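Student: Could you take me on a close look at the ligand site in this model? I would like to hear who touches what, and what lies around it.

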Amino acid sequence: MAVTSVLALRSTLAGDGPPLFFPDPDVPAIFNFDQGLAAPETFPREDLVRIAKLVLDRDGPEVLDYFDPATGYEELVYGYKGLRSEIAKRIQRTQKRTIDPLGIILTSGSVQGIALAIAGYVNAGDVVIVEAASFPYALRYMAMAGAEVRTVPVDDGGMDVDAVETLLSDIAGEGKRVKMVYTIPTFQTPTGTVLSAPRRQKLVDLAAKHGFLILEDNVYGDLRFAGEPLPTLLELDRAGLVLQCGSFSKIVAPALRLGWIAGTDEAIAGLAAVRQDLGVGQWLARVMTQYLAEGLLEPHLERANQVYKSKAETAVRAMRRYCGDYVSFREPQGSFYLWVEIDERVDWETAARMAEREGIFFRPGERFMGDTGGRQYLRLAYSHVSEDVIEQGIATLGGIIARCVRAAA
Ligand SMILES: Cc1ncc(COP(=O)(O)O)c(C=O)c1O
């Protein structure tokens, strides 16, 4: 009987590679600046324990069911209605935009929301425009849908929206259809940039004029510790073409695996049409409903943002002190990261290998830019490690960089 290797049975999509993006398990991460994680010291453990019990005691066995019988099957697709209503209230308060409970779909983290938005709207051959460095998981879902992904540059004002306009006419000239622009306008990852107010307006105007969707990734939007907030794309949208994703992962705790996409009822119905995993867990959805209803999120965010501000300042100071003019980066106004460009005088390929051997983990620039570049870049996440580790890790990195400066020609 023929024995077939399971590898040979894999789909074309799965290929023969390893799971995505796991750091080498044999090298201990001493200075782990790799993943962008909320700081564990900010997790509201006591409130979550108290509320987890409260909702079980108060609401009874329904909490452990697929859906709330009072709402019915709608929750198998959209998720627990109580949480959708609380999120809608918060969007009304913070973004001045009225959203119905059917204008929100709860997801297992916002990454599932991104997957649903792509599955609901993007056909093979459709064009999706993204920032030249962007969130790799979103890019992979686009590739899985067979989308043609085109990039535009990012500068200090965020995505270059004039370049989007030029690209739109080029693509129309090729007889192709732009279906979606995926953007992270606030604290763009990896670059940390913020899309300027005029560019925000121009992007929503372009969507209305040319008839494409904007997938606004707002998972870092509430993590501001400097500068003034700007209107979101959802707030500016009059044409019902913005889908905005949010998540509790970065602002409360990733283990909740609770995110959402908000938009008009009609726009969200496109995601609902391809959702078939029976919704999100009732228990945690009710916990977060109560958490929001008790008004705990805003004071929590204020405290958490102070933690990130202090860590960002430590990271910036350490970079300047230990890496000097061999690196350049923008000072963050929020979120978790420094996007660092390494000077060409440094043999970064060698330095990066040495850094890994010393247990310094970070995310290489290529991860965000694919084949198009990023080789002299790294994204350093300072959010979840202690300030001592930030300081020591960057000091060690600085020593390695100094040893890898090429001799002048
Ligand atoms: C830009 C961006 N969007 C979305 C996500 C997804 O987070 P989650 O699925 O935990 O909400 C991440 C996580 O790193 C992210 O960086």
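Tutor: Let's start at the ligand: a polar side-chain atom of S249 lies 2.6 Å from one of its oxygen atoms (a polar contact is a pair of N or O atoms within 3.5 Å; within protein, one must be able to donate a hydrogen and the other to accept it, and residues adjacent in sequence count only if both atoms are side-chain atoms). In the side chain of K250, an N or O atom is 2.8 Å from an oxygen atom of the ligand. The protein buries 89% of the 400 Å² that the ligand exposes when taken alone (accessible areas come from the Shrake-Rupley method with a 1.4 Å probe; for residues, only the protein chains shown count as cover).

A word on the model: it is predicted, so local features need pLDDT of at least 70 and side-chain atom pairs count only at pLDDT 80 or more, while totals for chains, interfaces and linings use all residues. Residues are numbered from 1 along each chain as its sequence is written, and side-chain values use heavy atoms, leaving out hydrogens and water.

Now the wider shell. The ligand is surrounded by 13 residues, and the closest are D217, Y220, S247, S249 and R257 (a residue is near a molecule if one of its heavy atoms lies within 4 Å of it). Helix α4, residues 109-121, gives the most to this shell, with 3 residues (helices are DSSP runs of H or I, at least four residues, and strands are runs of E, at least two, numbered from the N terminus).

S247 sits in strand β9 and counts as buried because its relative accessibility is 4% (buried means under 20% relative accessible area, exposed over 50%, partly exposed in between, with a 1.4 Å probe and protein chains only). The S247 side chain reaches the backbone nitrogen of S249 at 2.9 Å. Leaving aside residues up to four places away in sequence, S247 touches S110, V219, L258, G259 and W260 (contact means heavy atoms within 4.5 Å). From S247 to Y80 the C-alpha distance is 15 Å, and the two are 167 residues apart in sequence.
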